[in-house]
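Please look at the sequence and the model below, and then follow the text from the contacts between chains to the fold of one chain.

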Amino acid sequence: MTSALACTTFAGVQTLTAIKPEARCQELKLELPPAPKPAGVYQPILIVGNLAYVSGHGPLKPDRTLITGRVGADLDLAAGKQAARQTGLAILATLQEHLGSLDRVKRVIKILGMVNSTAEFTEHPAVINGCSELFRDVWGAADGIGARSAVGMASLPANIAVEIEAIFELA
Amino acid sequence: MTSALACTTFAGVQTLTAIKPEARCQELKLELPPAPKPAGVYQPILIVGNLAYVSGHGPLKPDRTLITGRVGADLDLAAGKQAARQTGLAILATLQEHLGSLDRVKRVIKILGMVNSTAEFTEHPAVINGCSELFRDVWGAADGIGARSAVGMASLPANIAVEIEAIFELA
Amino acid sequence: MTSALACTTFAGVQTLTAIKPEARCQELKLELPPAPKPAGVYQPILIVGNLAYVSGHGPLKPDRTLITGRVGADLDLAAGKQAARQTGLAILATLQEHLGSLDRVKRVIKILGMVNSTAEFTEHPAVINGCSELFRDVWGAADGIGARSAVGMASLPANIAVEIEAIFELA
């Protein structure tokens, strides 16, 4: 106990960044959906070297249903952002299931955020922030914020509101 | 002859996974189109380290024409899946042409499958399976199935039905 | 002066490829926009190993406005190509700002060129050439032309005409 307290006092700022993703998930009381099964002939995640390529995920909820609809028509910005956050939670579930622990993920390299949107919709970055803010909260600002594109798709599988693929660096 | 037979008998299951992609192509009687020429200022394939980045390919046929049309309107699911398979064959042609042999490719890392589809279309994974099943057949289930996203585009070059880009790991 | 001339005479073709990107930018009299600020929770560029992942960029002009509109409706092919070139200039600005110098970039690995286009548009490769020709001019044909996909999106952030993400190899 004494040494732990000493460590906290001594390490200061360093301690903040040393919080592990799994501990952060508990702290944030995140409820992950079940890790999604592939919807076709692909693997949810594939590791090459120190990189994990995560397949396109959708907004899978704990009850195994998906958030569907077109942002700008069926869903407003807030609902779209919530769908992006839910997609991020599904990605966390895949990482946890296939790697054993989120602590094996060192940082976010890149996400491609694809919004099922009307032709007139223009706020894709604000939608995809739903996922990006989640990752920032789980890995911290230094490791949780990677490169990103946020764009609008004509249609998505099963009419899901958002699909996100990602690359992570492993520890 | 004797030693080859002995090898087959002895190696057992191992022999199954040891079948090389080029031999599998012959076994599957695949007819590859000519390796596509770039349609703009890009290289069909670029190698960095042990990864080969393959540019977006379309469903090029042996007679050098392309399968065109929008899936969900001009093409049904089966025709779209066939277009994705043809796109996979074009990717195989590029790999063979630029690497000398498919045997230099160890495994599939990731594909991005983009379907020229109506706003109402929802079966992108089933379409892109046309390519994924081909790669699984050529490299086997362990090495031929990578990460994947399957999504719907507003439009594609020359109105092709499918465009697929890919990353492979070299042996 | 004498030694420079001697070098030029002696090295011949080799001299052409040895021109550094920063020098080429000056030679081409390129006017870069200010390096764009992130439009959401992401980093404009992230480095892992010897690769730089560049986030989706838009056609940012030196006056900090963006080229907007749908190609095939609001913008014609020439205007769309100009938007892709401007997007390439914005990417150069990001590379210069975050790496200190374009000379740290060895070559282009891959770009994903996304055109805000009508459903009927078919000339995405010619649009994205606006960026690809710029990169070819800056890094030369051997290092400036990478793998590429060029596709049509339903919509893009702030209604920008083009969004491009890229991967570069660092020297």
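Where chain B meets chain A, the contact (heavy atoms within 4.5 Å) draws on 31 residues of chain B and 22 residues of chain A. This is a predicted model, in which local features need pLDDT of at least 70 and side-chain atom pairs count only at pLDDT 80 or more, while totals for chains, interfaces and linings use all residues. Residues are numbered from 1 along each chain as its sequence is written, chains are lettered from A and ligands numbered from 1 in the order in which they are written, and side-chain values use heavy atoms, with hydrogens and water left out.

Between them, chain B and chain A bury about 2,000 Å², and 59% of this lies on carbon and sulfur atoms; buried area is the accessible area (1.4 Å probe) that two parts lose on being put together, summed over both. A salt bridge, meaning a side-chain nitrogen of Lys or Arg within 4 Å of a carboxyl oxygen of Asp or Glu, joins the side chains of Glu165(A) and Lys110(B), at 3.1 Å from N to O. Several elements of chain B each supply at least two residues to the side that touches chain A, namely strand S2 (51-57), strand S3 (105-116), helix H5 (124-144), strand S4 (147-153) and strand S5 (162-170). Helices (H or I, at least four residues) and strands (E, at least two) are DSSP runs, numbered from the N terminus.

Chain C and chain B also touch, with 31 residues of chain C in contact with 22 residues of chain B. Here the salt bridge is formed by the side chains of Lys110(C) and Glu165(B), again at 3.1 Å from N to O.

We can now turn to the fold within chain B. Its 5 strands form an open sheet in the order S1-S2-S5-S3-S4, with mixed pairing, where two strands pair if DSSP finds at least two bridges between them. Strand S1 (45-48) and S4 of chain B each have a single partner strand and stand at the edges, so one side of each is left without a neighbour in the sheet. S1(B) and S2(B) pair in the antiparallel sense over 4 bridges, and Val48(B) has Leu51(B) in S2(B) as its bridge partner.

Helix H4 (residues 77-99) of chain B packs on the sheet, touching S1, S2, S3 and S5 of chain B, and its direction makes about 40° with that of S5(B). H5(B) packs on the sheet as well, touching S3, S4 and S5 of chain B, and its direction makes about 175° with that of S3(B). For these angles, axes are lines fitted to C-alpha atoms, for helices over the stretch in contact, and angles run from 0 to 180 degrees between N-to-C directions.
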